[in-house]
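Let's take a quick tour of a protein, one topic at a time. Have the sequence and the 3D view ready.

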Amino acid sequence: MLPFDISEYQNRLSETKQLMAQRGIEVLLVTDPANINYLSGYDAWSFYVHQMLMIIIDEAQPIWIGRNQDGNGAKKTTWLSSENVIGYPDYYVHSTIHHPMDFIADILRGIGHGKRYIGVEMDNYYFSAKAYAQLSKHLCYATFKDAGLLVNFVRLVKSDQEIEYMKRAGKIADQAMKNGVEYVRTGLRECDAAAKIYQSIIAGTDEYGGDYPAIAPLLPSGENTSSPHLTWTDRMFKEGDEVIIELAGCYKRYHVPLARTITIGTPSEELKRLSPIVIEGLNEVLEAVKPGLTCGELESAWCKSLKKHGIEKESRLGYSVGLNYPPDWGEHTASIRNGDLTILKPNMTFHLIPGLWFDNYGIEISETFRVTEKGCETFTTFPRQLILQDPFSYTNQDGKIS
């Protein structure tokens, strides 16, 4: 079931250990499910309980620790030996008396690592304040260090196999956007469009199936397009609506996000003015991409383009993207924004989303790209334009668009 050769996992582990050594970390406790997957292959919806991949700098294999009933899943989806898969009893799950970190601390002490320099992912959704408190309580002779984003930065440059998976995710994103746009029609509801998008994302293409994305499809319409992270309601689309769709194709947990803006009927004067500005700026940033530039320099190309039209954008322009689990497909490392000194390298991948949001409306037209040896290439082919939808389309009794 492994999506990569074992040698690739071992190379990732080696790079992680090099960073551990640089930071003076002897034991790394990985709790981000994307990082666990990246280093071991583990893939399951079990991250609602505490689980961990333990990287010991002088041990050849990591140790997976999680809920006992998830142990077989770890044996089936990872490259680890069975003895390196350890499950804790179910009385540790959602208990006010017992905590999984008590169990993990006992393991560390039992194998002689209770007094070492231990790195934890401090600013991670899946590592709670209680988890840190319990580890600190039971490992009072250990020295804890913040290892947040250590593995994330190893993930920043993708392998050729990872790029191939993202290309497949891009094809899924194209198909999902095409099908979603078709359901932005008078007589249909926002939830109908969302359902069609989800169906397309999971069904994938004829060649390969899709996976659940880390973020639900975002689907604000009307004045709600001023708020980029709204999802959908059961509101019915009507003539004159502006609708934003932001989604991601997902394959083997690798994401390719894509956003487009649609108008049902004649677009507003604001969108007529803004859409060519956004597309021009997006194209200029993509043309500027090349190895050796910094993320901040890319953002400068966007600002220069916007300045010609008297517009400013406060939020970041994009971010690194790839392997992930809910609640986010971003990697939390490099951002395309002022001051980010991350140097672009071949096979880095970014979601470039030059969205503009105002009091009563907004616009998003995005692309996900990879840095190549000389420039960049995008993962999707969906038309880069403001999409105009026929306002007189409707659904018949069979639920078909006509």
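**Strands and sheet**

Strands here are DSSP runs of E with at least two residues, numbered from the N terminus, and two of them pair if DSSP finds at least two bridges between them. Keep in mind that this is a predicted model, where local features need pLDDT of at least 70, side-chain atom pairs count only at pLDDT 80 or more, and totals for chains, interfaces and linings use all residues. Residues are numbered from 1 along each chain as its sequence is written, and side-chain values use heavy atoms, with hydrogens and water left out.

*The sheet*
- Arg-370 sits opposite Glu-377 in E15.
- E14 and E15 belong to an open sheet of 5 strands, ordered E10-E9-E11-E14-E15, with antiparallel pairing.
- Strand E10 (330-336) and strand E15 (376-378) are the edges, each pairing on one side only.

*The two domains*
- Contact (heavy atoms within 4.5 Å) links 16 residues of domain 1 with 14 residues of domain 2.
- Across this interface there is 1 salt bridge, meaning a side-chain nitrogen of Lys or Arg within 4 Å of a carboxyl oxygen of Asp or Glu.
- Glu-162 forms a salt bridge with Arg-12, with the closest N and O atoms 3.7 Å apart.

Definitions and conventions:
Helix = DSSP H or I, 4+ residues; strand = E, 2+ residues; numbered from the N terminus.
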